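Thanks for making time for this.

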Amino acid sequence: MSDEYVSDAAAATTRMAADRQAGDERLAYRGVFQRMLTRPEIGAAIAALGIWVFFWSVSVPFGKAGGASSILDVASSPLGIMAVAVAMLMIGGEFDLSAGAATGALGILTILMVREVVGASGGGWGLSLWIALPLSLLAALGLGWFNGTVVEKTALPSFIVTLASFFVLKGAKLGYSKLILGQQQVGKLDDLQSVSAFLDDNGTSVTVFDPYGMEEVFIPDGQEAFQVVPPVIDIIEANLDAGADAFAGLDPSVFEQGDKGYGFMVDLFAAEWTRNDHVWDGRDWFYTIGIIAGLSLFVLALYEMHFKRSDTQNPTGLPIFGGGVALATVGVWRLHATDSVAGNWIGALVILAGMFVSFVGWGMWRYRRRASTEQSMDAMASEVGDAESKTGVIIAVGLGIAAFVGAIVVSLWLDAGDSNKFAEKLGISGVGLPAVSLVIGIGVATLTRGKDFTAGGLGWFTSKGWRTFLPSIIIGFVVTMLFFDLTTQQGARAIFFVSLSSLAAVGLMTGVRRARKHSQPLGSALLIATAASVAVMAFFVQSESGSPKFRTQAFTLMLVIAALMAIWAAASLLFEARSAPDHGADRFGVMMALVGSAAIVVGIASRLLFVTTAELEAEIPQAKFSVRILWFFLFTAVCSWVLARTKFGSWTFAVGGNKQAARQVGVPAARTKTQLFMLVSFAAWLVGLLLAFRLNNIQASTGDGEEFEYIIAAVVGGTLLTGGYGSTIGAAIGAFIMAMSVQGIPSARWNSDWRFVFVGAILLLSVVANNFIRTKAEAAR
Amino acid sequence: MKRFKWLTLLLAFALFAAACGGSDSDTTEAADDTPAASDDAAADDAAVEEEEDVALSQGSDLTFHMITHSDDGPFWSVVKKGAEAAAADVGVELVWMPGNNDPGQMVIDIETAISDGSDGIASSLPSPDQLVGPLQEAVAAGINVYTLNSGVNDYNEIGATTHVGQTEFIAGQGAGNRFNAAGATHVLCGRQEQSNVGLDERCAGLEDAFSGTVTNEFVGLDADQTEQINGIKAILEADESIDGFLGTGPVIAVNGLTAANDLGRELVIGGFDVTPDIIDAIESGAIAFTVDQQQYLQGYLPVVLMFLQATNQNTAGGGLPILTGPGFITPDNAAAVKALVAEGTR
Amino acid sequence: MSSTTPLLELDGIGKFYGNIIALQDVSTAVSAGKVTCVLGDNGAGKSTFIKILAGVHQHDAGRFLLEGNEVRFDSPREALDSGIAAVYQDLAMVPLMSVWRNFFLGTEPTKGIGPFKWIDTKKAKRIAKEEMAKMGIDIRDTEQPVGTLSGGERQSVAIARAVYFGAKVLILDEPTSALGVKQSGVVLKYIVEAAKRGLGVIFITHNPNHAYPVGDRFLILNRGQSMGSFQKDEITVTELTQLMAGGAELEQLQKDLEDAIASKGVED
């Protein structure tokens with residue numbers, strides 16, 4: 001009996017192993033898009049892109065250098081840096097509600113250490129910044145250590161412990177600054193300087209200490225000591241250890257001239273890049289090439305991850321690829337060399353042709369050709385007969401076309417030149433509002449009760465559909481009323497156009513995806529049709545839009561997207577898709593995608609950071625970029641590396657995901673968590689410092705209540721509230737989403753009273769989108 | 001490792017303590033330098049107590065009570081200075097009762113003042129619902145009542161002689177006239193709080209008096225100045241026609257200047273209330289003016305009025321409120337005001 | 001170590017919580033390459049037994065011999081360092097982390113200089129894949145989160161990890177209790193696999209049908225008492241079952257069951 005059992009079990013496991021070799025039943029092969037979606041930050045990135053496009057279309061500053069600098073500024077510090085640190089802590093399974101208050105507290109502490117004593121409005125201890133920085137850092141780390149240790153030793157929820165820290169900090173900030181200064185703000189870091197000067201024993205040099213550093217100045221022959229003291233000084237406290245007479249002829253005027261020479265520290269924490277000071281006429285060249293090369297690399301990366309590598313590479317593809325690249329370069333040159341409409345068209349067409357040729361060349365070089373088309377046609381014939389899939393394709397494509405037509409109709413109906421409130425156009429007291437809310441009600445009810453609807457026509461209307469229909473109508477009524485009242489016609493037109501064309505794109509792409517599952521040629525044909533409709537849309541935008549931004553930028557972008565879609569469709573027909581993983585190809589693809597993203601980022605950065613002479617002459621508004629942005633990028637990069645590549649990163653995931661298990665295998669859980677708290681307070685210190693260098697006056701209330709924004713940014717970026725999963729890059733993107741929501745409303749000139757409604761809606765939408773994408777991706781695993 | 005951690009903590013505490021200690025002695029030193037600062041230090045010490053008797057009267061037996069929602073911040077410390085100065089000038093005893101934004105405490109203070117047989121009560125009215133009743137009792141008890149700072153809508157109902165303060169609407173109108181004079185055509189009225197009636201009234205006053213367009217927006221809290229600066233920038237960028245900015249507080253006004261500088265735009269900028277920052281900016285000409293409530297008057301005048309009513313049966317105001325503002329600080333008087341701010345009377 | 005000395009030997013082990021006797025007079029031995037099954041119903045003292053072995057608790061009576069030397073572990077880490085690794089049913093893994101990170105958690109291979117050390121991910125992934133392959137599991141993508149693995153595979157990652165990090169004695173706490181029939185079979189195979197590679201395995205279960213095919217020695221616990229330690233040829237699976245539940249009780253249960261079924265038949 002027992003032997004029998006063993007042999008059965010053995011047979012079973014052998015069978016299972018065999019199954020595995022053939023392709024695991026639970027490990028279905030995931031396509032390239034699905035594989036990308038499993039990263040926690042991808043959902044957030046897509047949401048961020050969507051929000052950007054939305055505000056870009058409805059506001060003036062978005063897409064301009066000034067708008068971009070504002071978004072980067074809000075996103076970077078305090079929000080971004082703190083969101084990244086808080087995301088790390090949340091991945092480690094803890095919260096820090098004192099993080100916001102700590103930013104203000106540490107900034108105030110640093111300032112008070114440096115400021116010198118000048119009566120009631122001054123205050124502070126007059127330390128050198130070189131001493132104050134390490135001291136306040138120590139205090140910051142002490143705060144983090146305290147939070148972490150109390151959480152670990154008492155095993156209380158970090159929520160409670162850090163809430164207590166929050167109140168203590170909040171109170172201390174107010175009480176302390178008022179005790180010292182008699183007011184609720186502590187002034188600025190750099191407006192007061194105490195300077196000490198020491199003459200050395202030989203009388204050959206003077207050592208000058210100011211709050212920003214130490215400098216040794218040699219005294220040339222024939223000069224007195226006072227003559228070499230740098231002219232940077234408002235207040236002198238010359239400490240004359242030796243040779244007091246050397247300073248006897250001190251001329252106060254010497255010390256009030258010149259720049260303040262803050263030096264290294266100011267460069268480090270407060271440097272700014274003023275765009276209008278940097279002219280580069282070749283910028284647009286660089287920009288165009290960067291964008292085109294980047295997009296192309298991105299598409300090639302998708303190729304690499306999507307298509308099957310051929311066993312023998314075909315060398316004739318390479319020269320074709322090179323020729324295409326050369327052709328595209330010529331096209332860019334044509335585009336910039338001429339200024340006429342015809343010239344631009346020729347340039348654009350040459351670029352497109354070049355891209356097409358190079359993509360085909362690349363494909364010929366690397367990938368396996370598709371099996372004969374006849375077979376596919378057969379498959380197509382049989383698959384299209386499959387009723388259910390046919391319905392799916394038809395519904396999706398139909399929805400897409402309807403939205404497409406709707407976008408055009410709505411845009412034609414609304415007059416762009418009119419800046420009246422949308423409500424006036426529609427006549428809110430008339431039929432408009434009830435009609436629109438009825439449509440929304442039916443729409444939502446149909447979406448949520450879709451099965452009932454398709455099953456029996458308007459059957460839902462008599463059944464459970466009512467349950468969703470009535471509330472939907474009410475919500476639709478309220479939403480449309482608010483929306484109509486808030487938006488001008490021009491805004492409404494842009495909003496309708498963007499959302500309907502997005503819907504059209506989603507519908508058509510869904511149709512393409514469903515069709516491709518069964519037949520590649522059908523999918524490709526649909527994709528080409530979609531590309532064509534995007535192109536039609538582009539021309540429509542160009543002819544109809546009242547906004548110059550739309551007529552040029554949106555038009556170009558849409559045409560490029562259409563071209564890339566068409567190229568992709570053609571490539572799908574030519575080459576065979578992969579059905580088994582190929583890690584080598586994936587790695588190469590990821591590398592190409594990264595290089596491509598870098599090219600795009602560099603291209604955009606060049607456009608943001610430099611002006612052309614023409615722009616200067618047109619008196620475009622100035623834009624400033626601060627070193628704070630670099631700190632944010634640096635901090636995010638370091639944290640991401642630590643999280644992904646170090647022991648500490650692994651342990652962070654482990655203590656957040658399953659602390660018991662982590663302990664069991666020897667991870668020092670308590671230490672890891674404490675260090676995470678210290679990381680957060682380090683970030684708060686850095687942010688406090690950046691604020692201290694930036695603001696005219698730090699308020700005692702600085703940062704209070706901001707901690708929830710950090711947490712929200714982290715969650716929007718895909719970090720789980722329960723710990724153990726998340727991404728610092730996601731948190732950084734989350735910070736961008738928050739910044740865009742905050743900046744978008746005033747940029748679009750919407751009523752600021754409604755601001756938090758919009759912020760809330762955007763956050764909800766992005767989290768839902770993020771979650772939806774992730775569950776889709778996880779389900780595919 | 002563990003020991004090292006404790007050492008770090010100890011060190012941090014030691015440093016912190018040393019730093020605090022150092023600062024205390026610094027303050028004292030500073031206080032020795034200027035008489036105004038030493039007053040301040042004394043006031044700070046005394047402010048710790050719940051109630052404080054400022055025994056300044058010389059020979060007079062009148063006792064006045066000043067009951068406010070004061071938090072002894074920069075604003076109220078000036079009011080207190082004014083009241084003390086007036087008490088000293090006319091020779092009465094003044095009891096300063098700071099409610100610290102707690103109406104419940106103010107009710108208790110009013111009842112205390114009544115039972116102490118006060119000769120005059122001056123009270124602010126942050127929440128009329130709770131305070132009108134007790135003050136009416138005071139009037140019924142035959143005590144002269146004045147309202148100050150807030151309470152312009154309710155002093156008649158109480159039966160108070162008059163109200164001493166500034167109405168935000170009129171202050172806003174004053175700002176509007178300044179923008180008219182400066183030749184602005186489109187002013188952004190930027191608020192630092194979203195639901196503060198006082199700030200809304202400032203903007204409404206501006207809209208009323210200003211001949212051009214007014215855009216009234218909330219642009220971000222003082223607690224997040226990064227967001228505030230960029231909120232202003234967003235609106236300025238979205239609307240090129242804006243050529244004036246009125247910040248409804250001192251911090252936001254200076255941030256409006258930062259935003260304009262960042263964008264390279266030249267705006268006529270005005271603000272409300274006084275801080276060293278905004279005075280510096282006015283002195284340099286970057287900000288055109290700030291609206292000053294002159295809160296010193298809100299402390300000084302009620303005491304003098306109560307004295308005159310008690311000793312000479314004078315009633316000022318003629319049933320209308322007495323306005324302490326708007327006063328304006330402009331490049332012309334900034335230097336003079338700066339010195340007074342340092343002394344704590346502006 | 002001679003082949004006759006067992007890897008681990010327990011002689012009259014006992015554990016008391018105050019006046020409650022959790023475990024009394026339990027003796028058994030674990031040899032290299034052999035599987036010792038510890039069987040018992042719920043509350044039989046299995047978890048106390050495993051916690052003593054893994055160093056979570058300390059025994060109050062008897063002798064605990066490791067390779068012939070008497071030992072007493074004060075912490076799980078000490079037991080681990082002596083080569084005794086415990087794999088717990090549900091605490092073993094961090095579900096949201098990838099296979100290779102779980103495999104090396106706590107002892108990640110690093111490269112780099114000074115404080116700038118980073119995980120040698122290539123090496124870690126390669127070793128994780130190889131070690132899993134040695135257990136007969138082909139993990140195609142070691143980046144896969146452990147949570148997406150089946151219960152049996154999760155157990156086997158834990159087993160492979162213990163084996164790789166030099167465990168001599170492997171304690172498996174109820175590895176099959178939460179698994180379906182097929183998955184249990186997989187885990188049983190890995191148990192045999194681990195033993196073949198020279199480890200002493202202690203397999204704790206309440207299912208004699210799982211224990212009997214893989215075990216070489218059986219220790220039966222009931223209410224903290226040892227019901228005896230048997231070689232495979234000394235006992236059948238039926239006897240095992242009876243001993244586990246305390247024979248008489250089971251017979252009574254069987255009778256009750258039969259009665260119940262009979263009465264059900266009448267009703268039908």
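Chain B falls into domain 1, made of 39–166 + 294–325, and domain 2, made of 168–292, with bounds that come from an automatic or database domain assignment. This is a predicted model, in which local features need pLDDT of at least 70 and side-chain atom pairs count only at pLDDT 80 or more, while totals for chains, interfaces and linings use all residues. Residues are numbered from 1 along each chain as its sequence is written, chains are lettered from A and ligands numbered from 1 in the order in which they are written, and side-chain values use heavy atoms, with hydrogens and water left out.

The centres of the two domains of chain B, taken over C-alpha atoms, are 32 Å apart. Five residues of domain 1 of chain B are in contact with five of domain 2 of chain B, contact meaning heavy atoms within 4.5 Å. The area buried between these domains is about 430 Å², with 45% from carbon and sulfur atoms; buried area is the accessible area (1.4 Å probe) that two parts lose on being put together, summed over both. Of what domain 1 of chain B buries there, Gln166(B), Gln294(B) and Leu323(B) supply 82%, more than any other three residues.

As for confidence, pLDDT, the predictor's confidence in each residue from 0 to 100, has a mean of 81 in chain B, where 82% of residues reach 70 or more. Over residues 17–59 of chain B, however, pLDDT stays under 50. Where pLDDT is low, the predicted coordinates should not be read in detail.
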